[in-house]
Amino acid sequence: MPMITTPSSPTLSRLRAAAALIPLIQSGLADTKLSREQASSMTLFIEWAASSTPENDVEQQLVKKLTVDLAGLKAALEV
């Protein structure tokens, strides 16, 4: 029997995309393959995604994680 899955909400999709960007930004900054300007632009997307209103517990957990990780990224960009 095929498994039926419901599509993700747009908010959940944005939060997942933002969460996936964090390690890319971190590694890009660490090995200097990503400029600070590029990292800053990508960080703005994460900030925008994290400012969304979560609709369920999964989204709430992602928002919390993004908020913590975002603070670390901003600190790394200020150095």
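Modeller: Let us begin with the side of H2 that faces outward: opposite its buried side, H2 carries the exposed residues Glu-37 and Leu-44.

Biologist: Which residues of H2 are buried?

Modeller: The general idea is that an α-helix has 3.6 residues a turn, so residues three or four places apart point the same way. In H2, the buried residues are Ala-39, Thr-43, Ile-46, Ala-49 and Ala-50. They lie on the same side of H2, because the arc they cover around the axis is only 115°.

Biologist: What do the buried residues of H2 pack against?

Modeller: Their packing partners are helix H1 (10-30) and helix H3 (57-78).

Biologist: How many residues does H2 have, and what span does it reach?

Modeller: H2 comprises 15 residues, 36-50, and from its first C-alpha to its last it reaches 20 Å, which is close to the 21 Å expected at 1.5 Å a residue.

Biologist: Turning to Thr-11, is this residue buried or exposed?

Modeller: Thr-11, which has its place in helix H1, is buried, since its relative accessible area is 8% and the cut-off for buried is under 20%. If residues up to four places away in sequence are not counted, Thr-11 touches Ser-52, Thr-53, Glu-55 and Glu-59.

Biologist: What is the mean pLDDT of the protein chain?

Modeller: This is a predicted model, and where pLDDT is low, the predicted coordinates should not be read in detail. Here the mean pLDDT of the protein chain is 92, with 92% of its residues at 70 or more; among its elements, H2 has the highest mean pLDDT (96) and H3 the lowest (94).

Notes
Residues are numbered from 1 along each chain as its sequence is written. This is a predicted model: local features need pLDDT of at least 70, side-chain atom pairs count only at pLDDT 80 or more; totals for chains, interfaces and linings use all residues. Side-chain values use heavy atoms; hydrogens and water are left out. Helices (H or I, at least four residues) and strands (E, at least two) are DSSP runs, numbered from the N terminus. The expected span of a helix is 1.5 Å times one less than its number of residues. Buried means under 20% relative accessible area, exposed over 50%, partly exposed in between (1.4 Å probe, protein chains only). The arc is that of the directions from the helix axis to the C-beta atoms. Contact means heavy atoms within 4.5 Å. pLDDT is the predictor's confidence in each residue, from 0 to 100.
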